[in-house]
Amino acid sequence: MKFTESWSTDSAASRGDTTRPARGDVNARLLERVRAAVAVVRIRQEGLYDRLSQRFHQALDEAGGGGRAAERMAVAKAREELVAAAALTPAQGERLAGFLLRDLDRTDRRRRTGDITASGTLACMGCGFTLKFRDTATIPPCPKCSATGFTRSA
Ligand SMILES: [Zn+2]
């Protein structure tokens with residue numbers, strides 16, 4: 001709740017929406033449509049990440065679990081299946097598999113704005129502000145200082 005409040009307040013302020021005069025209805029409507037389209041793409045990518053992650057867990061179970069090598073093979077298998085089924089383009093598969101492998105690797109905690117990450121907590125490297133995600137999310141710029149580097153703590 002606290003996150004939601006500060007996020008909406010700060011992002012509105014940083015865009016200057018409260019002080020800048022309106023540029024007309026057409027521009028406002030166009031901007032709203034662009035924002036909506038961007039949100040659709042973002043939510044779709046997060047859904048694809050979840051689908052890849054689910055298939056990965058199935059593949060890992062089928063393989064009987066294992067260490068990092070087994071995880072890599074299961075991610076590759078999940079990616080190949082979803083690309084073969086045309087659920088992912090090869091480029092999307094590569095990108096999302098990279099994010100998934102990184103989330104599985106507890107030693108690699110660096111994250112950047114625009115990355116997709118599984119649920120968890122990120123701390124801004126600029127100001128320490130923490131972002132908590134209950135679901136898979138696309139990382140925004142820091143709502144407090146606009147920095148784009150984060151450390152994943154959970
Ligand atoms: Zn920050």
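This is a predicted model: local features need pLDDT of at least 70, side-chain atom pairs count only at pLDDT 80 or more; totals for chains, interfaces and linings use all residues.

Biologist: OK, which helix does Val-75 lie in?

Modeller: Val-75 is in helix α3.

Biologist: And what does Val-75 touch, leaving out residues up to four places away in sequence?

Modeller: With those left out, Val-75 touches Phe-56, Ala-97, Leu-100 and Leu-101. Take Leu-101: 26 residues separate it from Val-75 in sequence, yet their C-alpha atoms are 7.3 Å apart in space.

Biologist: Let's zoom out to the helices. At what angle do α2 and α3 pack?

Modeller: Helix α2, residues 25-62, packs on helix α3, residues 68-84, at about 125°, and the axes are 8 Å apart. That angle makes α2 oblique to α3. Their crossing is right-handed.

Biologist: Which residues make that contact?

Modeller: From α2 there are Arg-51, Leu-52, Arg-55, Phe-56, Ala-59 and Leu-60. The α3 side includes Ala-70, Glu-71, Ala-74, Val-75 and Ala-78. Sorted by type, the α2 and α3 contact residues are nine nonpolar, six charged and no polar.

Biologist: What about α3 and α4, how do they run relative to each other?

Modeller: Roughly antiparallel. The axes of α3 and α4 (residues 90-104) cross at roughly 155° and come within 10 Å. The crossing of α3 and α4 is right-handed.

Biologist: Who meets whom there, α3 against α4?

Modeller: On α3 you have Glu-71, Arg-72, Val-75, Arg-79, Leu-82 and Val-83, and they meet Pro-90, Gly-93, Ala-97, Leu-100, Leu-101 and Leu-104 on α4. Those α3 and α4 contact residues split into eight nonpolar, one polar and three charged.

Biologist: Switching topic. Which residues touch the most other members in the largest nonpolar core?

Modeller: That core has 14 residues, and the ones touching the most other members are Tyr-49, Leu-52, Phe-56, Val-75, Ala-78, Leu-96 and Leu-100. Each of α2, α3 and α4 supplies at least two residues of this core, and α2 gives the most, with five.

Biologist: Pick Leu-52, then. What does Leu-52 touch?

Modeller: Not counting residues up to four places away in sequence, Leu-52 touches Ala-78, Arg-79, Leu-82, Leu-96, Ala-97 and Leu-100.

Note on methods
Residues are numbered from 1 along each chain as its sequence is written. Axes are lines fitted to C-alpha atoms, for helices over the stretch in contact, and angles run from 0 to 180 degrees between N-to-C directions. Helices (H or I, at least four residues) and strands (E, at least two) are DSSP runs, numbered from the N terminus. Angles under 35 degrees count as roughly parallel, over 145 as roughly antiparallel, 65 to 115 as roughly perpendicular and the rest as oblique. A crossing is left-handed if the near helix is turned anticlockwise from the far one by less than a right angle, and right-handed if clockwise. Two residues are in contact if their C-beta atoms, placed from the backbone, lie within 7 Å. Ala, Val, Leu, Ile, Met, Phe, Trp, Tyr, Cys and Pro count as nonpolar, Asp, Glu, Lys and Arg as charged, and the others, Gly among them, as polar. A nonpolar core is a set of buried Ala, Val, Leu, Ile, Met, Phe, Trp, Tyr and Cys residues joined through C-beta atoms within 7 Å. A residue is buried if 20 or more other C-beta atoms lie within 10 Å of its own, exposed if 12 or fewer, and partly exposed in between; C-beta atoms are placed from the backbone.
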